[in-house]
Amino acid sequence: MEEIMKVKDCMSKHVIAVGADEPVLEAARLMSRYDLGALPVRAASGRLCGMVTDRDVVVRCIAAGKAAAQTPVSRVMSSSVLSVEPSADAAHAAQLMARAQLRRLPVAQNGYLTGIVSLADLAHLPKGAEAAGGCLGAICAPVVRLD
């Protein structure tokens, strides 16, 4: 009988996150220090409330003429955040990532961030390379323009 791998078995448990009320500059510093392209965002309550990417910092803050030291992360983050429970099947996480074209997926228990699962995490699982490859293919699929 094949063992079903759970997200909690492959996720990274040590997650760098930023507070929603912290300045965008702090998010940028964390991204630079830890070589990250995206950070989960926590509300004052500690609950997962969004994601902020390096692109959000550039497009929604810098290019928009906002001061990164005074603009809260909540003003530039994506508040529509997809997450998965630690008890979910890893294959389910891969399907969510492929459908939403995500390279990283926050892991939350009752709304509180407990980890993050990435394509690399999935690739290390038995038969995970196939799931990660399919997910990456979906992420990199050409976008159809209606110009």
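**The pocket and its surroundings**

Guide: The lining of the largest pocket comprises seven nonpolar, five polar and five charged residues. Here Ala, Val, Leu, Ile, Met, Phe, Trp, Tyr, Cys and Pro count as nonpolar, Asp, Glu, Lys and Arg as charged, and the others, Gly among them, as polar. This is a predicted model, in which local features need pLDDT of at least 70 and side-chain atom pairs pLDDT 80 or more, while totals for chains, interfaces and linings use all residues. Residues are numbered from 1 along each chain as its sequence is written, and side-chain values use heavy atoms, without hydrogens and water.

Visitor: Which element gives the most to the lining of the largest pocket?

Guide: Helices (H or I, at least four residues) and strands (E, at least two) are DSSP runs, numbered from the N terminus. At least two lining residues come from each of E3, helix H2 (54–62) and strand E4 (104–109). The most, three residues, come from H2.

Visitor: How many bridges join E1 to strand E2?

Guide: E1 and E2 (residues 38–42) run parallel. Within this part of the sheet, Gly19 is placed opposite Arg42 of E2. The number of bridges joining E1 to E2 is two.

Visitor: What separates the C-alpha atoms of Val15 and Gly115?

Guide: Val15 belongs to the segment before E1. Beyond neighbours within four places in sequence, Val15 has contacts (heavy atoms within 4.5 Å) with Pro40, Leu113, Gly115 and Ile116. Although Val15 and Gly115 are 100 residues apart along the chain, their C-alpha atoms are separated by 5.8 Å.

Visitor: Is Ser118 buried or exposed?

Guide: Ser118 is part of strand E5 (residues 112–118). Residues up to four places away in sequence aside, Ser118 touches Met97, Arg103 and Arg104. Buried means under 20% relative accessible area, exposed over 50%, and partly exposed in between, with a 1.4 Å probe and protein chains only. The relative accessible area of Ser118 is 18%, so Ser118 is buried.

Notes: Pairing = 2+ DSSP bridges.
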